[in-house]
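Please look through the model below before reading on. The paragraphs that follow move from the overall fold to single residues.

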Amino acid sequence: MKKIDEEEIKGSWPSAVEGELEHPEFGLIHFWTGEQRGRIVVRFSFECQTEGESHKVFFIDLSQEGWVLQHISSFQFQNSKLKLIKSQSFREQDDLEQKYRSIIDLFLETRESNSSY
């Protein structure tokens, strides 16, 4: 599997807004975000993150009760082009939702207080 670098992801997602937030457990987290058909799309990157997880993109819907993780996709090469491929594993989605819950909560708090995202 070909390694994906940041510039390739930026080229495939030119409308993403970048930012950073400080997480108490994971330290400085860099994120890329955008909205697609009323859904928040966000990717996180931080120092102790596994490479595979750094390619994950979270698709989140907001509701009156909070947020719901609709699905997770991964950047992958197909036919020498970078594409987002939806994860078909419910177990992976549950595991990543549990691991990233505090990061997503912090991101949404930051997003609410900063209207530029």
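In what order do the elements of the protein run from the N terminus on? They follow the pattern α-β-β-β-β-β-β-α, and the secondary structure comes to 2 helices and 6 strands, where helices (H or I, at least four residues) and strands (E, at least two) are DSSP runs numbered from the N terminus. This is a predicted model, in which local features need pLDDT of at least 70 and side-chain atom pairs count only at pLDDT 80 or more, while totals for chains, interfaces and linings use all residues. Residues are numbered from 1 along each chain as its sequence is written, and side-chain values use heavy atoms, with hydrogens and water left out.

The overall dimensions come next. The C-alpha atoms of the protein fill a box of roughly 40 × 30 × 30 Å, taken along the principal axes. The radius of gyration of the protein is 14 Å, which agrees with the value near 13 Å that a compact globule of 117 residues would have; this radius is taken over C-alpha atoms, and the globule rule is 2.2 Å times the number of residues to the power 0.38. Buried residues make up 42% of the 117 residues, where buried means under 20% relative accessible area, exposed means over 50%, and partly exposed lies in between (1.4 Å probe, protein chains only). Of the contacts in the protein with a separation of 6 or more, 39% are accounted for by residues 24 or more positions apart, a contact being heavy atoms within 4.5 Å.

The protein exposes about 7,300 Å², of which carbon and sulfur atoms supply 45%; accessible areas come from the Shrake-Rupley method with a 1.4 Å probe, and for residues only the protein chains shown count as cover. As for charge, the mean positions of the 14 positive and 21 negative charges are 9 Å apart.

Against which elements do the buried residues of α2 pack? They pack against β1 (17-23), β2 (27-36), β3 (39-46), β4 (56-63) and β5 (66-78). Helix α2 covers residues 90-113 and bends by about 55° at Y100, the bend being the angle between axes fitted to the seven residues ending there and the seven starting there. The buried residues of α2 are Q93, L96, E97, Y100, I103, I104, F107, L108, T110 and R111. An α-helix has 3.6 residues a turn, so residues three or four places apart point the same way.

Two residues in the loop between β3 and β4 can be read together, namely E53 and S54. E53 is buried, because its relative accessible area is 14%, and, leaving aside its neighbours within four places in sequence, E53 is in contact with L96, K99 and Y100. S54 also counts as buried, because its relative accessibility is 11%, and, with neighbours within four places in sequence again left aside, S54 is in contact with R43, F44 and Q49.

F26 is found in another loop, the one between β1 and β2. Why does F26 count as buried? The reason is its relative accessible area of 15%. Although F26 and Y100 are 74 residues apart in sequence, their C-alpha atoms are 10 Å apart in space. Leaving aside its neighbours within four places in sequence, F26 is in contact with F46, C48, K99, S102 and I103.

Two further residues are partly exposed. E92, found in helix α2, is placed in this class because its relative accessibility is 25%, and, leaving aside its neighbours within four places in sequence, E92 is in contact with K56 and S87. L84 lies in strand β6, residues 81-86, and is partly exposed because its relative accessible area is 39%. Leaving aside its neighbours within four places in sequence, L84 is in contact with V57, F59, S73, S74 and F75.

Methods
Lys and Arg count as positive and Asp and Glu as negative; His and the chain ends are not counted. The place of a charge is taken as NZ of Lys, CZ of Arg, CG of Asp or CD of Glu.
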